[in-house]
Amino acid sequence: MTRAAMEIGYEDIYSEKPYIDYDVEGARLLIHILYVPPALRGQGKGKALVEALLNDLPSCVQSIRLKSAQLGSGCTMSFWQSFGFTPAYLNGDKDAMCILEKGVNGHETPPVKTVTPDVEYHYIFD
């Protein structure tokens, strides 16, 4: 179930059904959240949602960006890397190192940026 066109309020984060929330901004798709209820985890539901998204991307999308989160069930980094996502930044703090990116629709992944301490980043959007 894709919830990109719907506004998600705080009370909707914990749904009874798995969902993926994203927005398309120009040539980039930003994944905000992938949620699978605890009782349904480990059954491939999250993987199926990501695969469906990757298989049905608008042709204008050249890359996907997201922030891998540390959740109660563990780090999600290896999950996203299994789809080919790679770090968008080098030499950054923990937040910067969790931003992942992937080129799609025949486009290469954007070049990795080196983070410098003198610049303030809004990592997910930069």
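**Reading the fold**

Mentor: The secondary structure of the protein comes to 3 helices and 9 strands, where helices (H or I, at least four residues) and strands (E, at least two) are DSSP runs numbered from the N terminus. This is a predicted model, in which local features need pLDDT of at least 70 and side-chain atom pairs count only at pLDDT 80 or more, while totals for chains, interfaces and linings use all residues. Residues are numbered from 1 along each chain as its sequence is written, and side-chain values use heavy atoms, with hydrogens and water left out.

Trainee: What is the strand order of the open sheet of 5 strands?
Mentor: Two strands count as paired if DSSP finds at least two bridges between them. β2 and β3 run parallel and are joined by 3 bridges, whereas β3 and β8 (residues 99-103) pair in the antiparallel sense over 5 bridges, and the pairing of the sheet is accordingly described as mixed. The order of the open sheet is β1-β2-β3-β8-β6.

Trainee: Which strands stand at the edges of that sheet?
Mentor: An edge strand here has a single partner strand, so one side of it is left without a neighbour in the sheet. The two strands in that position are β1 and β6 (86-87).

Trainee: Which residue stands opposite serine 63 in β8?
Mentor: Along the antiparallel pairing of β3 with β8, isoleucine 64 stands opposite lysine 102. For serine 63, the residue opposite in β8 is glycine 103.

Trainee: How many of the 5 residues of strand β3 are buried?
Mentor: Buried means under 20% relative accessible area, exposed over 50%, and partly exposed in between, with a 1.4 Å probe and protein chains only. Across the protein, buried residues make up 34% of the 126 residues. Strand β3 (residues 63-67) is largely enclosed by the rest of the structure, because the number of its residues that are buried is 4.

Trainee: Against which elements do the buried residues of α1 pack?
Mentor: The buried residues of helix α1 (residues 45-55) are Gly46, Leu49, Val50 and Leu53. They cover an arc of only 95° around the axis, taken from the directions from the helix axis to the C-beta atoms, which puts them on the same side of α1. With contact meaning heavy atoms within 4.5 Å, these residues pack against β1 (19-25), β2 (28-35) and α2 (77-81).

Trainee: What separates the C-alpha atoms of isoleucine 20 and glycine 46?
Mentor: Isoleucine 20 lies in strand β1 and is buried, with a relative accessible area of 1%. Although isoleucine 20 and glycine 46 are 26 residues apart along the chain, their C-alpha atoms are separated by 8.3 Å.

Trainee: Which residues of the largest nonpolar core touch the most other members?
Mentor: A nonpolar core is a set of buried Ala, Val, Leu, Ile, Met, Phe, Trp, Tyr and Cys residues joined through side-chain atoms within 4.5 Å. Of the 17 residues in the largest one, those touching the most other members are Leu29, Ile31, Leu53, Ile64, Trp80 and Phe85.
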